[in-house]
Structures are given as structure tokens and as C-alpha cells.
Amino acid sequence: MTEAGVALRLQNIRRAFGDLTVIDNLSLDIVAGEFLAILGPSGCGKSTLLRIVAGLTPPDSGTLQITPPDLRFQNAFVFQEAHLLPWRTVLENAALPLELMGVDAAERTARARATLAEVGLADAESRYPAQLSGGMRMRVSLARALVTKPRLLLLDEPFAALDEITRFRLDVRLRDLWIERGMTVIFVTHSITEAAFLADRAVVLTRRGCGVKLDRRLDLPRARDNDLRLSPQLAVEMQALLGAMEEEG
Ligand SMILES: Nc1ncnc2c1ncn2[C@@H]1O[C@H](COP(=O)(O)OP(=O)(O)O)[C@@H](O)[C@H]1O
Ligand SMILES: [Mg+2]
């Protein structure tokens with residue numbers, strides 16, 4: 001598979017804002033092609049950690065090693081807000097990263113179209129963001145992230161503002177996309193349900209200092225659909241994550 005995911009090794013990462021130590025001596029190994037959920041209470045440092053992994057902000061100390069460390073390495077970031085350009089159509093929004101990379105117009109249109117089809121937006125390419133529902137806007141945001149075929153996809157509570165049914169649909173689509181593409185995914189959330197449903201491994205962070213409270217491999221099928229949501233297997237995993245979230249610290 002040419003677009004396989006990258007592996008990451010974080011060692012002794014530390015990050016403070018003034019007197020506030022947000023991440024303190026955090027080490028984490030992420031296997032190539034893994035779907036990892038990072039869970040933790042609001043303000044515990046999840047977004048800061050993701051920004052460090054994305055290279056958007058440097059750690060104060062510690063190292064981040066990416067394998068393979070080649071120049072073709074690409075990552076993509078999806079935020080809670082879709083951040084679309086309102087004066088551009090869906091197609092033009094999805095094609096934006098290719099435009100910035102200098103890909104010619106015909107090729108970027110073809111690639112953006114193909115990616116929009118993958119997120120279920122084939123019929124909406126000429127619409128503008130204001131004409132879309134919240135779920136559709138998030139699909140465009142996802143397409144824009146996927147259009148470059150990233151080998152690492154970072155998502156920071158992407159579906160948190162959506163209604164539950166929309167969120168369920170996007171969870172299933174994201175999981176399928178991950179299976180199809182083989183990229184490494186790091187999904188940050190404060191939702192136990194969503195972490196358990198989506199991931200193969202869940203890391204629960206401590207309230208302060210971003211320590212690892214629980215690092216658990218989830219014993220669930222590879223392909224996931226809504227039937228899994230009410231299954232006893234999912235309940236077992238959610239129970240384990242809930243236990244760690246409820247622990248003091
Ligand atoms: N640029 C910044 N300057 C100062 N404090 C910050 C900055 N970014 C985050 N923080 C603080 O660091 C802590 C962790 O923030 P964040 O990583 O956003 O947590 P989470 O995503 O888990 O809610 C919070 O207390 C937040 O106020
Ligand atoms: Mg955050």
C-alpha cells in the first residue's frame with residue numbers, strides 16, 4: 001500500500017504555558033496504521049498534544065520521531081469547526097490544499113471530486129458552505145484533509161458540535177475511510193462512546209500534566225457499523241474507559 005500510515009514515537013514531551021505545565025514528561029508510541037483515540041477531560045492538554053504531533057507548535061523539551069522520516073511525509077488536521085472559505089464552492093474548498101501544492105487545475109478538480117465522493121458529497125460540489133448543514137460542512141472539511149492522501153490524519157473533536165445521528169454516520173464513514181486507506185489516525189475526543197466505537201486503541205490522559213492513565217487495546221471488530229453501538233463488547237470497552245476517566249488525577 002503506497003499511502004500507508006506513519007509510526008510516531010513521542011519521548012518525554014513537555015510543554016508549559018507560563019506557570020501552567022500542560023504536558024509533563026509524556027511518552028507514547030504509535031504504530032503505523034493505528035487508529036488511536038486520545039481521551040481526557042476538557043483542558044487536560046489534548047489539543048496541545050495534537051498540535052505538537054502536527055508540528056504546529058514545538059514542545060519545550062522531548063522528542064518526536066516519525067517513521068519513515070522522509071520528505072514526502074504528510075499530515076492533515078481536522079478541527080471541530082469546519083473552517084471553510086464561504087466564497088468558495090464545496091469543490092473549490094476541497095481542492096484548496098492541492099492548489100497550495102501547485103497541482104494543476106484539471107488534476108485537482110478530479111482529485112477533489114473523487115474525495116468528495118468518498119465522503120458522500122458527490123452531489124454537492126457546486127454548493128457554497130452557507131447552503132450546507134453542519135454535517136455536510138464537516139464532510140467537506142474531512143474531504144479537504146483527505147484530498148492530499150495524508151499518511152497521518154489528526155482530528156481534534158471534529159464531530160463534537162454535530163447532532164448525534166450525524167455524528168454516528170460520520171463515525172462509520174471515518175472508520176471505513178481508515179480501513180480503505182491504511183493511514184495512521186489520531187482522534188482526540190472527550191466522548192467515551194465515540195472513542196470506544198472508533199478506535200483500536202484508546203489512551204486516557206490525566207487531568208493535569210497529560211500523563212497516561214490508561215492505554216488500552218480495544219477488542220472490537222475491524223469493520224464497525226451502528227449495530228455495534230448496543231453490543232455487549234462495546235459496553236465492556238466503554239466501561240473500562242469510563243473507569244479510567246472517573247479515577248482521580
Ligand atoms: N496558547 C496558549 N497559551 C496559554 N495557555 C494555553 C494555550 N493553549 C492552551 N493553553 C492552556 O493549556 C491547557 C490545555 O489546553 P488544551 O490543550 O486546549 O486542552 P484540551 O484540548 O484537552 O481541552 C488549558 O488550561 C489551556 O487554557
Ligand atoms: Mg481541545
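The dialogue below reads several features of a predicted model, from the surroundings of a ligand to strands and a helix.

Student: Which residues surround ligand 1?

Tutor: A residue is taken as near a molecule if its C-beta atom, placed from the backbone, lies within 6 Å of it. Here the shell around ligand 1 consists of Phe17, Leu20, Val22, Gly40, Ser42, Gly43, Cys44, Gly45, Lys46, Ser47 and Thr48.

Student: How many residues of each class does that shell have?

Tutor: Ala, Val, Leu, Ile, Met, Phe, Trp, Tyr, Cys and Pro count as nonpolar, Asp, Glu, Lys and Arg as charged, and the others, Gly among them, as polar. The shell around ligand 1 has four nonpolar, six polar and one charged residues.

Student: Which helix or strand gives the most to the shell?

Tutor: Helices (H or I, at least four residues) and strands (E, at least two) are DSSP runs, numbered from the N terminus. Strand E2 (20-30) and helix H1 (46-54) each supply at least two residues of the shell, and H1 gives the most, with three residues.

Student: What span does helix H3 reach, and what span is expected?

Tutor: The expected span is 1.5 Å times one less than the number of residues. Helix H3 (residues 105-118), with 14 residues, reaches 20 Å from its first C-alpha to its last, close to the 20 Å expected at 1.5 Å a residue.

Student: Which residues of H3 are buried?

Tutor: A residue is buried if 20 or more other C-beta atoms lie within 10 Å of its own, exposed if 12 or fewer, and partly exposed in between, with C-beta atoms placed from the backbone. In H3 the buried residues are Arg108, Ala112, Thr115 and Leu116. Because they cover an arc of only 100 degrees around the axis (taken from the directions from the helix axis to the C-beta atoms), they lie on the same side of H3. On the other side of H3, Ala106 and Glu107 are exposed.

Student: What follows H3?

Tutor: Gly120 follows H3, and its phi is positive, near 80 degrees.

Student: Where do the side chains of strand E7 point, and are they buried or exposed?

Tutor: Thr184, Ile186 and Val188 point one way from E7, Val185, Phe187 and Thr189 point the other way, and all are buried.

Student: Which strands pair with E7, and in which sense, parallel or antiparallel?

Tutor: Two strands pair if DSSP finds at least two bridges between them. Strand E3 (residues 35-39) is joined to E7 by five bridges in a parallel arrangement, with Val188 as the bridge partner of Ile38. Strand E6 (residues 152-156) also pairs with E7 in the parallel sense over five bridges, and there Leu152 has Thr184 as its bridge partner.

Student: How do E1 and its partners run, parallel or antiparallel?

Tutor: Strand E1 (residues 7-17) runs antiparallel to strand E4 (residues 61-67), with six bridges between them, and Gln11 stands opposite Thr63 in E4. Seven bridges join E1 to E2, again antiparallel, and these two strands form a hairpin with two residues between them, where Gly18 in the turn has a positive phi of about 60 degrees.

Methods:
Residues numbered from 1 in each chain as written. Chains lettered and ligands numbered in written order. Predicted model: local features only at pLDDT ≥ 70, side-chain atom pairs only at ≥ 80, totals over all residues.
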